[in-house]
Amino acid sequence: MATQTAQTVLVTGASSGIGQGIAVAFGQQGANVIINYHSDEEEARNTLQQVEAGGGKGIICKADVGKEEDVRRMFQEALDAFGTVDVLVSNAGIQKDSAFSEMTLEQWNKVMTTNLTGYFLCAREAIKIFDQKPTPSPEDKAKGNIIFMSSVHDIIPWAGHVNYASSKGGILMLLKSLALEVAPKKIRVNGISPGAIATDINADVWQDEEKKKELMKLIPYKRIGRPEDVAKVANWLASPESDYITGTTIYVDGGMTLYPGFVDNG
Ligand code: NAD
């Protein structure tokens, strides 16, 4: 049930996959959730239904996170609906894969604009709202939380996906530098880097038995992740339970970043 202290959480790319799972998980905690979507209004409404079924409140908001005017409007709609924003989960992301020598500038720019510039634009609007709240005393909890959805490819190189890996590597330093800048104002900025989570973005892999078998070799924990695996971490990072954590990335990857080639099967 929503209480007076319910958090207001804006989740980008919340009409599918990880973003949908995160929005629903915050709904189950009684949060007010701004459900951003790019084009699939029906699935955004589905997310909203699930948020409300879990005890939260919400609105859906169509916006392209790579467009400054869209992002400004989205945060204004959040303020109009709920009066503030406490948590930003910047999650919307895309892949436009290509061999490097054949990669078009359009493929490069599209990925950078959504995955990196979009995170900058959303975080900037969130910080402006956080800045309007009084700065708590050092002993109090944070007045705002930002969570960036990165990827294991912020540290694992990925041939054939140089634009995507570059955008995620950029997020790693975006979040650390921003965390340093805003920590004195009691704003926290953290990242989540998923490994392989079964969603639309990688359906071609987990729906194909051969490709799935190959993927399993990269996951020491021997299962593909689920949006809920990531959502639980997002809930925790947005809660006072993790109050002393900022500038950190949590890898939710079943061990994918542990150099799986060195596993001892013997
Ligand atoms: P997904 O394709 O289901 O979700 C991506 C969402 O972003 C979609 O809802 C899409 O509509 C939205 N989106 C795309 N462009 C947008 C734009 N310009 N403005 C607003 N929204 C836009 O895939 P997902 O797996 O849920 O991906 C979510 C995030 O998790 C992405 O940042 C992705 O890079 C990251 N990630 C996913 C995995 C995985 O295995 N699924 C692994 C590592 C990182």
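**Aromatics, sheet and helices**

Mentor: Tyr119 is buried, and Phe148 is buried too. Buried here means under 20% relative accessible area, exposed means over 50%, and partly exposed is in between (1.4 Å probe, protein chains only). Keep in mind that this is a predicted model: local features need pLDDT of at least 70, side-chain atom pairs count only at pLDDT 80 or more, and totals for chains, interfaces and linings use all residues. Residues are numbered from 1 along each chain as its sequence is written, and side-chain values use heavy atoms, with hydrogens and water left out.

Trainee: How many aromatic pairs does a search of the whole structure find?

Mentor: Three. Rings of Phe, Tyr and Trp (its six-membered ring) pair if their centres lie within 6.5 Å; planes under 30 degrees apart count as stacked, over 60 as edge-to-face and the rest as tilted.

Trainee: Why is the pair of Tyr119 and Phe148 called stacked?

Mentor: The ring centres of Tyr119 and Phe148 are 5.4 Å apart and the planes are at 25 degrees, so this pair is stacked. Tyr119 lies in helix H4 (residues 105–131) and Phe148 in strand E5, so the pair ties together parts that are 29 residues apart in sequence. Helices (H or I, at least four residues) and strands (E, at least two) are DSSP runs, numbered from the N terminus.

Trainee: And what kind of pair do Trp158 and Tyr164 form?

Mentor: That one is edge-to-face, with 5.7 Å centre to centre and 70 degrees between the planes. Trp158 counts as partly exposed, at 27% relative accessibility, while Tyr164 is buried, with a relative accessible area of 8%.

Trainee: OK, switching to the sheet. What's the strand order?

Mentor: Seven strands form an open sheet in the order E3-E2-E1-E4-E5-E6-E7, and the pairing is parallel. Two strands pair if DSSP finds at least two bridges between them.

Trainee: Which are the edge strands?

Mentor: Strand E3 (57–62) and E7, each of which pairs on one side only. The twist averages 15 degrees from one strand to the next.

Trainee: How many bridges join E2 to E3?

Mentor: Six bridges join strand E2 (residues 32–37) to E3. Val33 has Gly58 in E3 as its bridge partner. Helix H2 (residues 41–53) lies across E2 and E3, running at about 165 degrees to E3. Axes are lines fitted to C-alpha atoms, for helices over the stretch in contact, and angles run from 0 to 180 degrees between N-to-C directions. Contact means heavy atoms within 4.5 Å.

Trainee: Back to E5. Are its residues buried or exposed?

Mentor: Six of the six residues in E5 are buried. Gly144, Ile146 and Phe148 point one way, and Asn145, Ile147 and Met149 point the other way.

Trainee: What joins E4 to E5?

Mentor: Four bridges, with the two strands running parallel. Val89 has Ile147 in E5 as its bridge partner. The chain goes from E4 through H4 to E5, a right-handed β-α-β crossover. Right-handed means that, with the strands pointing away from the viewer, the path from the first strand over the helix to the second runs clockwise.

Trainee: And E6, buried or exposed?

Mentor: Strand E6 (residues 187–194) is mostly covered, with eight of its eight residues buried. Six bridges join strand E5 (residues 144–149) to E6; Phe148 stands opposite Gly191, and Gly144 is partnered with Ile187. E5, helix H5 (residues 162–182) and E6 make a right-handed β-α-β unit. Four bridges join E6 to strand E7 (residues 249–252), where Tyr251 is the bridge partner of Ser193.

Trainee: Last topic: where does H4 sit?

Mentor: H4 lies across strand E4 (87–90), E5 and E6, running at about 170 degrees to E5. The axes of helix H3 (residues 68–82) and H4 come within 9 Å and cross at roughly 35 degrees.

Trainee: Which residues meet there, between H3 and H4?

Mentor: Among them, Val71, Phe75 and Leu79 in H3, and Leu121, Ala126 and Ile129 in H4.

Trainee: What about Lys110, which residues is it in contact with?

Mentor: Leaving aside neighbours within four places in sequence, Lys110 is in contact with Ile94 and Lys96. Lys110 is in helix H4 and counts as partly exposed, at 36% relative accessibility.
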